[in-house]
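Take a look at the sequence and the structure below. The text then walks through them piece by piece.

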Amino acid sequence: MTLDEIKNTLNAAVISKREDMNLNIARAYCADLMSDVLAFSITNSLLITHLTNTQVIRTAEIADVKAIVFVQSKRPDIETIALADTKKIPLLVTYLSMYETCGKLYEKGLRS
Amino acid sequence: MSDNAVEGVFFLTGKDFSNAGAASSNLKRILEDMSVQQDIIRRAAIAAFEAEMNVIIYAVAGMMHYYITPEAIRIVVKDMGSGIPDIGLAMTEGYSTAPDYIREMGFGSGMGLPNIKKNADKLDIDSVVGGGTTLEFIIYLNKDSKGAENETLRNC
């Protein structure tokens, strides 16, 4: 799926600067435990999470996560968004719950 | 990658969550600049990040030394922390002594040391209760180096 398709599927807003909406995302992983992301996520995947602190961006960078979706309208602060911009990691926010977010993306064919 | 050995150190400050992960991020960039294989970079970065977070969460301060040769990446993280009373227990997935506010940040789930072990080819932990912890891990850059004691690297 492209980032644009993910955005449309989730009615999400893009809150980071450097987004390539044609970016292709092959896999997704959802977690609020960053060590789980480090241990189990697949490289070049989409991270779906409630957490909005800077450690999420650091974790994404280290684990080669391509983009992040924050669920339930959780918005990171300016510091976190700025770090994501620096690391060129696109950030999306959706009002959907994590359950609904995963369900909708799964329905569209995105797998973990 | 480059034939030359590269080494350096990052200083880590306990509870400095704004910069937590910055050292590992810099290490990752250094490895990318040296054209190290992507999967090796990911393993090294993940292990370094977990070690760095342990210092930030549990210690007053620490240092992360890195030594990169054509054969291997060696990382030594020394901290001024309270030490680990039972290393075997600390290596158990899910065992954690982290307070709730650390868990709310997404860490402290008891996966740190197991994650380091999983990503490293070799891991040594030396800890003294009240005296701090030294963690050393090695990731070999090619299969031929794996398992062979590299004296050049050891002498860095």
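Which elements do the buried residues of α1(B) pack against? This is a predicted model. In chain A, the partners are α3 and α4 (78–87). In chain B, they are β1 (6–13), α2, β2 (61–68) and β3 (72–80).

Now the helix itself. α1(B) covers residues 22–33, 12 residues in total. From first C-alpha to last, α1(B) reaches 16 Å. That is close to the 16 Å expected at 1.5 Å a residue. The buried residues of α1(B) are A22(B), A23(B), S24(B), S25(B), L27(B), K28(B), I30(B) and L31(B). Just after the helix, S35(B) takes a positive phi of about 60 degrees.

Along the sequence, the pattern reads β-α-α-β-β-α-α-α-β-β-α. Chain B has 156 residues, and 53% of them count as buried. Take the contacts in chain B between residues at least 6 apart in sequence: 65% of these join residues at least 24 apart.

Next, the interface. The size of an interface is often given as the accessible area lost when the parts come together. Here chain A and chain B bury about 1900 Å² between them. Carbon and sulfur atoms account for 49% of that area. On the chain A side, Q55(A), R58(A) and I62(A) lose the most area to chain B, together 34% of what that side buries. In terms of contacts, 23 residues of chain A meet 25 residues of chain B.

One helix pair crosses between the chains. Two packed helices are described by the angle between their axes and the distance between the axes. For α3 (residues 54–62) of chain A and α2 (residues 38–58) of chain B, the angle is about 150 degrees and the axes are 9 Å apart. Angles over 145 degrees count as roughly antiparallel, so α3(A) and α2(B) are roughly antiparallel to each other. From α3(A), the contact uses Q55(A), R58(A), T59(A) and I62(A). From α2(B), it uses R42(B), A45(B), I46(B), F49(B) and M53(B). By class, the contact has 5 nonpolar, 2 polar and 2 charged residues.

Finally, a single site in chain A. T101(A) sits in helix α5 (residues 98–107). Is T101(A) buried or exposed? T101(A) is buried, because its relative accessible area is 0%. Leaving aside residues up to four places away in sequence, T101(A) touches L10(A), I48(A), V69(A), V71(A), T94(A) and L96(A).

Definitions and conventions: Residues are numbered from 1 along each chain as its sequence is written. Chains are lettered from A and ligands numbered from 1 in the order in which they are written. This is a predicted model: local features need pLDDT of at least 70, side-chain atom pairs count only at pLDDT 80 or more; totals for chains, interfaces and linings use all residues. Side-chain values use heavy atoms; hydrogens and water are left out. Axes are lines fitted to C-alpha atoms, for helices over the stretch in contact, and angles run from 0 to 180 degrees between N-to-C directions. Helices (H or I, at least four residues) and strands (E, at least two) are DSSP runs, numbered from the N terminus. Angles under 35 degrees count as roughly parallel, over 145 as roughly antiparallel, 65 to 115 as roughly perpendicular and the rest as oblique. Contact means heavy atoms within 4.5 Å. Ala, Val, Leu, Ile, Met, Phe, Trp, Tyr, Cys and Pro count as nonpolar, Asp, Glu, Lys and Arg as charged, and the others, Gly among them, as polar. The expected span of a helix is 1.5 Å times one less than its number of residues. Buried means under 20% relative accessible area, exposed over 50%, partly exposed in between (1.4 Å probe, protein chains only). Buried area is the accessible area (1.4 Å probe) that two parts lose on being put together, summed over both.
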